[in-house]
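Thanks for coming. I will go through one model, taking a few residues and then the helix packing. Please have the sequence and the structure open.

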Amino acid sequence: MSESTEQAQSANRLWQEHRQAPFPDSLRRAEFGGTDVWLLDLYTAGCVLAWLDNDGTLDAENGRILQSCIENLDRVIPEINDPAGAQYCQRLHQLAALVSRNLASPK
């Protein structure tokens with residue numbers, strides 16, 4: 001199995017875990033440093049879904065959005081006091097970072 005196939009399978013597994021996990025109540029309407037966590041989840045998930053639907057590619061705009069989401073998650077996660085909320089965002093960060101490392105050039 002190639003490394004890219006293995007990475008895609010890992011991304012698919014994490015995506016399924018993320019989709020099945022409820023958004024933590026502690027993060028509803030939560031903002032850290034001006035970053036709304038619900039919107040951060042929405043934008044990150046949108047980029048991941050686009051990557052999965054487009055065979056590992058993202059257009060330049062979604063690539064920039066994904067990178068911004070990773071940076072925001074880096075800032076937000078240490079601020080989250082609720083373990084369930086932190087775990088939720090850490091999985092989201094792991095997924096976004098995996099996608100970012102495996103971006104193919106747009107076709």
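**Cysteines, an aromatic pair and helix packing**

I start with C89, which is buried, with a relative accessible area of 1%. Buried here means under 20% relative accessible area, exposed means over 50%, and partly exposed is what lies in between, with a 1.4 Å probe and protein chains only.

Before going on, the ground rules. This is a predicted model, where local features need pLDDT of at least 70 and side-chain atom pairs count only at pLDDT 80 or more, while totals for chains, interfaces and linings use all residues. Residues are numbered from 1 along each chain as its sequence is written, and side-chain values use heavy atoms, with hydrogens and water left out.

Now the cysteines. How many disulfides does a search of the whole structure find? It finds zero, a disulfide being a pair of cysteine sulfur atoms within 2.5 Å. C69 is in no disulfide, and its nearest cysteine sulfur, that of C47, is 5.5 Å away. C69 is also buried, at a relative accessible area of 3%. As for C89, it is in no disulfide either, and the nearest cysteine sulfur is that of C69, 11 Å away.

Next, aromatics. The structure holds one aromatic pair; rings of Phe, Tyr and Trp (its six-membered ring) pair if their centres lie within 6.5 Å, and planes under 30 degrees apart count as stacked, over 60 as edge-to-face and the rest as tilted. The partners are F23 and Y88, with ring centres 5.4 Å apart and planes at 85°, so the pair is edge-to-face. It links distant parts of the chain: F23 is in the loop between α1 (3-20) and β1 (31-32), and Y88 is in helix α4, 65 residues apart. Helices (H or I, at least four residues) and strands (E, at least two) are DSSP runs, numbered from the N terminus. Both F23 and Y88 are buried.

On to the packing around α4. Two packed helices are described by the angle between their axes and the distance between the axes. Axes are lines fitted to C-alpha atoms, for helices over the stretch in contact, and angles run from 0 to 180 degrees between N-to-C directions.

Helix α2 (residues 37-53) and helix α4 (residues 83-101) have axes that come within 10 Å and cross at roughly 35°. On the α2 side, the contact is made by V37, L40, D41, T44, V48 and W51, and on the α4 side by Y88, C89, L92, L95, A96 and V99. Contact means heavy atoms within 4.5 Å.

Helix α3 (residues 60-76) packs with α4 at an angle of about 145°, with the axes 10 Å apart. Here L66, Q67, I70, L73 and D74 of α3 meet C89, L92, H93, A96, A97, V99 and S100 of α4.

N72 is found in helix α3 and counts as buried at 18% relative accessibility. Leaving aside neighbours within four places in sequence, N72 is in contact with T35 and L40. L98 lies in helix α4 and counts as buried at 5%.
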